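Please keep the sequence and the three-dimensional view at hand while reading.

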Amino acid sequence: MRSKARLSDQAPERLRGLAPVWRPDAQLLILGSFPGVASLAAAQYYAHPRNAFWPIMASLTGVTDLPQRPYAERLQALMDSHIALWDAVTACERPGSLDSAIRHAEPSALPALVARLPGLRVIACNGDTAYRQAVALLPGAPWPLLRLPSTSPAHAGLSQADKQALWCEALREGWAPA
């Protein structure tokens, strides 16, 4: 008699990330690792309601109501502020949303994107995984690669206010909104 395959014996689903958000005059690239479950489900960057990303972007861009705006308007506000957005991993296997669970990562075409950003001044890496990937993908990068605290709610060691202060302080030096 044949037994049914256990769930754990099945191949994990291959997940695909989101397309980059950019325009050629971007000066700041914010690089995440890979979208979480909520972001993939919504097909939106930083869709988890407790993620600090959009409040931090509101502070950086001066668009105070940014988190409450429709997603398309939030992306447009980033681009209007010369901010590009993407992830270091374009596809992977990962149960849940933790970066530590990423397996069989396929790196994004980050070198090709930055080649299309002649005014790029800094790359802000949203967490350690994004930073490690950026260093590997862009050896000898001519711009600063900043390792910033993850905006994820899973990174609970810092409050949202602390994360915001660290992001704003780090980016005040190498980039200022247009």
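In this predicted model, L31 has C125 of β6 as its bridge partner. The two strands concerned are β2 (residues 28-32) and β6 (residues 122-126), which pair in the parallel sense over 4 bridges. The points below begin with the sheet and then turn to the helices, the cores and the aromatic residues.

**The sheet**

- Strands β3, β2, β6 and β7 form, in that order, an open sheet of 4 strands with parallel pairing.
- The edges of the sheet are β3 (83-87) and β7 (145-148), each of which pairs on one side only.
- On average, neighbouring strands of the sheet are turned by 25° against each other, direction ignored.
- Strands β2 and β3 run parallel and are joined by 5 bridges.
- Within β3, A84 stands opposite L29.

**Strand β3**

- Helix α2 (residues 53-61) lies across β2, β3 and β6 and runs at about 160° to β3.
- Helix α5 (residues 128-137) also packs on the sheet, where it touches β2, β6 and β7.
- The direction of α5 makes about 160° with that of β7.
- The buried residues of α5 include T129, A130, Y131, A134 and L137.
- The partners against which the buried residues of α5 pack are β2, β5 (103-107), α4 (110-115), β6 and β7.

**Nonpolar cores**

- The largest nonpolar core has 48 residues.
- Which members of this core touch the most other members? They are I30, W54, M57, L85, I123 and W167.
- Helix α2 gives the most to this core, with 6 residues.
- A second, separate core has 5 residues, among them L15, F34, V89 and I102.

**W54 and its aromatic surroundings**

- W54 lies in α2 and has a relative accessible area of 3%, so W54 is buried, the cut-off being under 20%.
- Leaving out residues up to four places away in sequence, W54 touches Y45, Y46, L66, P67, Y71, R74, L75 and L78.
- How many aromatic pairs does a search of the whole structure find? The search finds 4 of them.
- Y71 belongs to helix α3 (residues 71-80) and W54 to α2, so the pair ties together parts that are 17 residues apart in sequence.
- Y71 counts as buried too, because its relative accessibility of 15% falls under the 20% limit.
- Ring pairs link W54 and Y71 with Y45, Y46 and F53 into a cluster.
- The charged end of R74 sits over the ring of W54, at 5.0 Å from its centre.

**Two partly exposed helix residues**

- Q160 is found in helix α6 (residues 160-174).
- With a relative accessible area of 38%, Q160 is partly exposed.
- Q160 and A52 are 108 residues apart in sequence, yet their C-alpha atoms are 5.8 Å apart in space.
- Not counting residues up to four places away in sequence, Q160 touches A52 and P55.
- A38 is found in helix α1 (residues 37-42) and is partly exposed, with a relative accessible area of 31%.
- A38 and P49 are 11 residues apart along the chain, and 8.8 Å separates their C-alpha atoms.
- Apart from its neighbours within four places in sequence, A38 is in contact with A47 and H48.

Methods. Residues numbered from 1 in each chain as written. Predicted model: local features only at pLDDT ≥ 70, side-chain atom pairs only at ≥ 80, totals over all residues. Heavy atoms only, no water. Phe/Tyr/Trp six-rings, centres within 6.5 Å; stacked < 30°, edge-to-face > 60°. Buried < 20%, exposed > 50% of the residue type's maximum accessible area, 1.4 Å probe, protein only. Lys NZ or Arg CZ within 6 Å of the ring centre and 35° of its normal. Pairing = 2+ DSSP bridges. Axes fitted to C-alpha atoms, helices over the stretch in contact; angles between N-to-C directions. Contact = heavy atoms within 4.5 Å. Core = buried A, V, L, I, M, F, W, Y, C linked by side-chain atoms within 4.5 Å.
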